[in-house]
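Could you have a look at this one with me? I've jotted down a few points to go through together.

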Amino acid sequence: MAQEYLLRLYVTGQTARSARALANLQAICEEELQGRYRIEVIDVLENPERGENERIVATPTLIRELPPPIRRIIGDLSDRDEVLHGLELVSPGQRESLQ
Amino acid sequence: MSADALPGIDKLATGIPGFDAIARGGLPEGRTTLVAGTPGSAKTVFAGQFLAAGIQRDDTPGVFVTCEEAPADLRRNFGAFGWSMADWEADGRWTFVDVSPDPDEETVEAGSYDLGALVARIEHAVERSGARRLAIDSLGAMFSRFPDTRQVRRDLFRIASRLKALGVTAVMTAERETEYGPVARHGVEEFVADNVVILRNILENETRRRTLEILKFRGTQHQKGEYPFTILPEGGLIAIPLSAMELTQHSTDVRTTSGNDELDRMCGGGFYRDSIVLVSGATGTGKTLMATEFTAGGLAAGERCMLFAFEESREQLMRNARGWNVDYAPAEGAGNLAIRCDYPEAAGLEDHLVRIKQEIDRFRPDRVALDSLTALERVASPRGFREFVISLTSFIKERQIAGLFTASTPSLMGGASVTEAHISTLTDSIIVLRYVEMRGRVHRGLAVLKMRGAGHDAGIRCFNIDDRGMHIGQRFSGVEGILEGHPVHVQQGDEDT
């Protein structure tokens, strides 16, 4: 169960929302994926081509590149349950018992 | 600068056929215009054509932001209009910004967001390509995809402001629920409120009719009201500016033959070259014959002639003409005559109109006969038909072509035709053909009712038809009420001869 996670976080500029999204992501990863995750932050303002290639519309957008399949989460990642669900870090059964 | 343009806002000629006349020059330059319509009202075609026309006109680069359909689908749909999508994309004249949802990818929402990436991508595409035109299709798709409507609205407003700052003229499409209701869903008109174009696809008298209306252009002029448009498989949207065209007409005093010497005399020396003559009468009174003589007379005078027939097949038409000693074949062979036979039901009236115009511009005739308007009236609503006649008459007059249209009256003995009632004010001259019952025999009568700005024989003349055509004889004397279809014999001697 030592799966590597590659997470790309697309933001637009150094806004409070961008910073919040990164902080939330880091906190969740530290708790759930210690030592087996990598986060890349891409600023679409600086790299519009990458935003174009990934067809990013809303920011922040988090894309789980690895493990497959690709998953997308939009928002500042403040809704922890939704992030865990989006990254498939909780099984549906677990999810129900949490609620 | 025309009197229409107020200082401050220039117009950008779109190149969409007919639209610029209605818009008095085009879309407000450097602004965003909302194009709203119900599903199937051709919003996407309008948006695409706005860019295509810019490229075709003067190589203006454009950016197409698609929020709903995948670029691959649009390439195929637009390519079918004859637009060179592959070439245009390859050399940067057309850029897609693909915002369409990926059906295989589920997106989870976890917290607040904005459409900053979309704004950045659009700006990037505009700056890289040097685009002067941009289309976003459609806003509704953004609202259904991102539930935070307040945020979406705010970001779309941001996009509109950025485009304004960049000097880009933009079209954004939006959905409507009803043809005559609120401007658009989701309150989008609030942030692109300055300029609104409505596209409609109306069911009227069991006939589909497309119209375009400019609801507002802030600070600049446009034509008011609904204008019909159609979509041609080979070219896209084509609008039909009616009153906008009427203004440009001028008239000449040059006379041209009606094809019948006596009728020429009755009209004071023939028809005017750029006038439209309506020939009205019951079935069998000689309308098609008049159209035939009009055509043959033009050919004999060395003119190029066109004949549009909507009631008879080609064979029947040729046979009828031969029966009146007119042979069309040599003139057609020599390229001086073009005959087009079509079923009225083969297309919508707007499509007929566009085809007729195209054929006329291709063949460049000196005179045009159309037999009959009544057949075309069957496939249209009253309003659509009137618009058709206005548009066709102004088109023909603009080119200084002589036109002769026929119309059928429903009753054998008299009365006005429906067609006549609708369009009599639009034609320059009206000739009525009537059956006249006198002393147990049926005669034929002819009268020139109206002749633009000229004296004419106001008498009702009898005529007969034989294998050499129409022969106009004497006035009916001692009879009144022929035009109404109720001839009454009166005392001789009190006439104003």
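Here are my notes, point by point.

1. First, some ground rules: this is a predicted model, where local features need pLDDT of at least 70, side-chain atom pairs count only at pLDDT 80 or more, and totals for chains, interfaces and linings use all residues. Residues are numbered from 1 along each chain as its sequence is written, chains are lettered from A, and side-chain values use heavy atoms, leaving out hydrogens and water.

2. Chain B has 16 helices and 25 strands (DSSP runs, H or I of at least four residues for helices and E of at least two for strands, numbered from the N terminus). Of its 497 residues, 55% are buried, meaning under 20% relative accessible area with a 1.4 Å probe, protein chains only.

3. Take contacts in chain B (heavy atoms within 4.5 Å) between residues at least 6 apart in sequence: 68% of them join residues at least 24 apart.

4. Now find helix α13 (residues 349–363) and helix α15 (residues 382–398) of chain B: their axes come within 10 Å and cross at roughly 10 degrees. Axes here are lines fitted to C-alpha atoms over the stretch in contact, with angles from 0 to 180 degrees between N-to-C directions. So α13(B) and α15(B) are roughly parallel, the word for angles under 35 degrees.

5. Which residues of α13(B) meet α15(B)? Among them are Leu353(B), Ile356(B) and Ile360(B), while the α15(B) side includes Phe385(B), Phe388(B) and Leu392(B).

Definitions and conventions. Buried means under 20% relative accessible area, exposed over 50%, partly exposed in between (1.4 Å probe, protein chains only). Angles under 35 degrees count as roughly parallel, over 145 as roughly antiparallel, 65 to 115 as roughly perpendicular and the rest as oblique.
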